[in-house]
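Hi,

Here is the structure I promised to pass on. My notes on it follow below.

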Amino acid sequence: MPDAKVLLITGASSGIGAATARAAAGEGWNLVLAARSTDKLDALVREIGEDRAVAVACDVTDYDDQQRMADAAIKRFGCIGAVFANAGTGGKPGGFSGAPPESWRMLVDVNILGVAYTLRAVLEHVKAAHEDILKDIRESKKLPEEAQERLNDVINEFKKGFSATDGSSVAVNEAETEAMDEADVEKESVKVRKPAPKK
Ligand SMILES: NC(=O)c1ccc[n+]([C@@H]2O[C@H](COP(=O)([O-])OP(=O)(O)OC[C@H]3O[C@@H](n4cnc5c(N)ncnc54)[C@H](OP(=O)(O)O)[C@@H]3O)[C@@H](O)[C@H]2O)c1
């Protein structure tokens with residue numbers, strides 16, 4: 001299995017996606033950078049280094065595009081170790097009551113369907129990249145040390161990506177994540193997984 005330190009990012013042409021790519025490159029990740037604006041992706045690849053990053057044109061609302069993206073990643077780096085399904089779009093001005101209802105379709109297509117398509121297109125590849133760890137988990141029923149380290153790597157990359165942007169809400173996210181130690185993170189995960197009490 002090739003080095004699984006390959007991160008695929010959708011919406012890598014600007015904002016949080018591009019900032020995450022820069023931070024991850026600094027930590028030694030190879031990068032598959034996907035979005036529609038290939039000019040911006042190509043510039044980012046030149047900045048990071050063509051030996052470490054590849055640009056892939058992908059509209060996340062098109063499943064064929066997503067499959068081509070996954071294929072391009074495998075062709076270039078041999079595996080996909082982690083995925084940041086970050087491509088997204090905001091609503092039209094006017095909010096819920098002011099924006100035309102027909103404008104909502106794009107929000108759902110990109111922000112929900114697009115993420116589901118990304119996960120579907122890459123899932124088998126990501127599982128294959130971590131088959132050794134998955135096997136250990138299946139057999140021992142707990143997260144092995146190496147898996148915890150890889151997970152911490154990914155969390156740290158995302159935190160750096162968030163802190164590298166200027167938005168105030170992002171700054172709050174960073175402050176919150178910085179305030180959590182590993183035990184807190186574990187508690188938060190448990191909280192999230194706990195089913196809501198039946199009424
Ligand atoms: N910034 C914030 O405070 C904040 C807060 C909460 C959530 N978010 C979410 O975090 C994500 C990134 O935010 P951001 O601030 O970095 O936004 P951004 O700068 O506008 O970046 C959005 C990225 O998504 C890509 N994208 C949009 N539609 C796409 C499509 N159909 N196919 C492929 N790529 C597409 C864009 O690339 P192309 O146009 O080149 O395709 C761009 O790279 C978004 O999902 C956003 O909703 C952001």
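Predicted model: local features only at pLDDT ≥ 70, side-chain atom pairs only at ≥ 80, totals over all residues.

Helices here are DSSP runs of H or I with at least four residues, strands are runs of E with at least two, and both are numbered from the N terminus. Residue numbers start from 1 along each chain as its sequence is written.

Overall, you'll find nine helices and four strands in the protein, in the order β-α-β-α-β-α-β-α-α-α-α-α-α along the sequence.

Now the ligand. Its shell (residues whose C-beta atom, placed from the backbone, lies within 6 Å of it) has 23 residues, and Gly 11, Gly 15, Arg 36, Ser 37 and Gly 88 come nearest. Both α1 (15-26) and α8 (168-179) supply at least two shell residues each, with α1 giving the most, three. By class, the shell holds eight nonpolar, 13 polar and two charged residues (nonpolar: Ala, Val, Leu, Ile, Met, Phe, Trp, Tyr, Cys and Pro; charged: Asp, Glu, Lys and Arg; polar: the others, Gly among them).

The other thing to look at is α3 (residues 63-77) against α5 (residues 104-129): they pack at about 30 degrees with axes 9 Å apart (axes are lines fitted to C-alpha atoms over the stretch in contact, and angles run from 0 to 180 degrees between N-to-C directions). That makes α3 roughly parallel to α5, a label for angles under 35 degrees. Their contact comprises seven nonpolar, four polar and no charged residues.

Cheers

Terms used: Parallel < 35°, antiparallel > 145°, perpendicular 65-115°, else oblique.
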